[in-house]
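Let's take a walk through this fold together. Have a look at the sequence and the model first, then read on.

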Amino acid sequence: MVAEKITIEPVTRIEGHAKVTIRMKDDGTVDHAYFHVNEFRGFEKFCEGRMVFEMPLITPRICGICPVSHHLASAKAGDEILGAPPPRPASLLRELMHMGQTIQSHGMHFFELAGPDLILGFDADPAVRNVVGLLQADPELTVKAVNLRKWGQEIIRILGGRRIHPNFAIPGGVNKALTKDERDAILAGYEEALETTKTALKIMYGWAEANAEDINKFAVFPSGYFGLVKPGNTLELYNGDIRLIGSDGKELEKFDPRNYLDYIAEHVESWSYLKFPYYKKMGYPQGVYRVGPLGRCNTSEKIATPLADAELKKFKQFNGGKPVENTLHFHTARLIETLYAIENVKVLLDDADIMSNDILNTCRDPKPYGVGVIEAPRGTLIHHYWMNENQQIEKVNLIVATGHNNWAMSEAVDSVAKTYIQGPDVTEGMLNRVEAAIRAHDPCLSCSTHAIGQMPIILEIRDSSDELVKTITRD
Amino acid sequence: MVKTLVFGYGNADRQDDGVAWHVLHEVMRRNGLDVSDDLDIECSDEVNQVDYLFLLQLTPELADDLKIYDRVCFVDAHTGAVPEEVHVEKVELGFQKSPFTHHLTPSSLLSIADTINHAVPETLLVSVRGYEFGFSQSLSSKTSLLIEKAADIIMNWLNQK
């Protein structure tokens, strides 16, 4: 048999260009699988010359799914660069908005992206293995799922004045206080959101129990883990230190996020436009790590809210207290974080400062650069700006979660391809598992794109001389 | 009175990808509404019962919002996948899988709406050819020339009450 190369390539219009290439050996087994991404550096250039205070409004336009993460990371960088730390009530309100973002993004991922695989099955007919099929299989649950995402969006809308791109956080604080009516409107959705997420966790645990074989052979590999924590190594999504642990669970570093360049470097591979961040002291690839829900639940030792903390304790037992290496447990970790975000909404709304009008620090002590770091739903997001004397941006460095997880996604794709694909007769279910290895990380590849008509997966099978043998297009 | 939504989506920072924003502005101007430079549009023409919405992308919970409308006109860009420079079609129910992304089509959104609302509005998709997708809020000259035609189509549709 001739060695072959299989390419899975979703066709997108602008920045969302990613594909998977699977190189086959002569004996029909997988030699290696690669995940390629076009890096999103254009936006950094686009920001040069803009005023610092404009950045929280410009950078959310990178993405229609996690704009709040960019909005808040940008505002945090602005706080630093203008030397204007926000008053406590402003930080609480920003965190509240961030919880809304986490809830809507995680909720959408579990129910609409991962849910069809988990609830309907990896091998289900692709005609029904989607959110509509899920709706038809369990209408009541999925209406609640839509409501969960809607509640998260509503928190963002109430605070930011609009549903997608908020105008709320500004360097030094926020531009609007929370009223009692707004607080009550958010609280009205709390119980249902909590119940929906508890139900999702039950589904996840049930699925994990019934599919233990898949869980334990689907992209299970060691790595470092990386995420923000509060004192006591408590899970943190808005503001804290970065904790990096090794594959054995031992702490390698805990550092102020502003100093990220002292700890992180980026490796370049010829087959991907996206760089591979790694821990400098260990080098590449020994120093690679994972971010996002799995990274955060591994780096955290506890969670500040009771229900989520109880779930984290269960999570920690999946691998006997050592870091959980199973890619499919990204989904479990994501739901634990959703539970935390919902509980934290209540905590924040019950805080005596939440309706304070002390929301903006107008003092200024400018510095030439500033770093804003936040835990976006899909992982650690770093905004780093350099400013000139006219308060214009001279240079921007953005490290997004999809970049941090680049190695992990490549490793997961390689692992799943080798585990499930035998020979060139690739079934739809096998192909779907390869895609699911990427989906588990919830990457943001083409959030800003859309296209009329079809967005097919093109699967190319090539022989060892790179000649096209056949093309399979899957809508 | 018939309740209508004119719903554009795209990335207005990516040149022709945001052509729907420009089309909505043209339709709003023709209907005597004020327009601003704000890249998000969410406004109501209460006299004619027409709402205008422009967002970066479609998301599932928007399906719930569709339940109050009798008619929805989606406005989008295309890259030449269809032959017409201004393509018009009725949106059919259907689901399009997007394996790596958060992409959602009007058909998928309509399917979600049908399942949760047990009803769907009458629909139209007006898709305008985009030629350049750089980092700019200005359209390419070729796409700019298509705004009038797209607006004419939407105006005719709006007047068919």
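Predicted model: local features only at pLDDT ≥ 70, side-chain atom pairs only at ≥ 80, totals over all residues.

Is helix 12 of chain A largely enclosed by the rest of the structure or exposed, and why? Of its 21 residues, 19 are buried, so helix 12 is largely enclosed; buried means 20 or more other C-beta atoms (placed from the backbone) within 10 Å of a residue's own, exposed means 12 or fewer, and partly exposed is in between.

Residues are numbered from 1 along each chain as its sequence is written, while chains are lettered from A and ligands numbered from 1 in the order written.

Zooming out, chain A has 15 helices and 17 strands, taken as DSSP runs numbered from the N terminus (H or I, at least four residues; E, at least two). Of its 475 residues, 55% count as buried.

Now for a hairpin: strands 14 and 15 of chain A form one with five residues between them, and A:Gln391 in the turn has a positive phi of about 65°. Strand 14 (379-387) and strand 15 (393-399) pair antiparallel over six bridges, pairing being at least two DSSP bridges. A:His384 has A:Asn397 as its bridge partner.

Finally, A:Asn175 lies in the loop between strand 5 and helix 7 of chain A, and it is partly exposed because it has 14 C-beta neighbours inside 10 Å.
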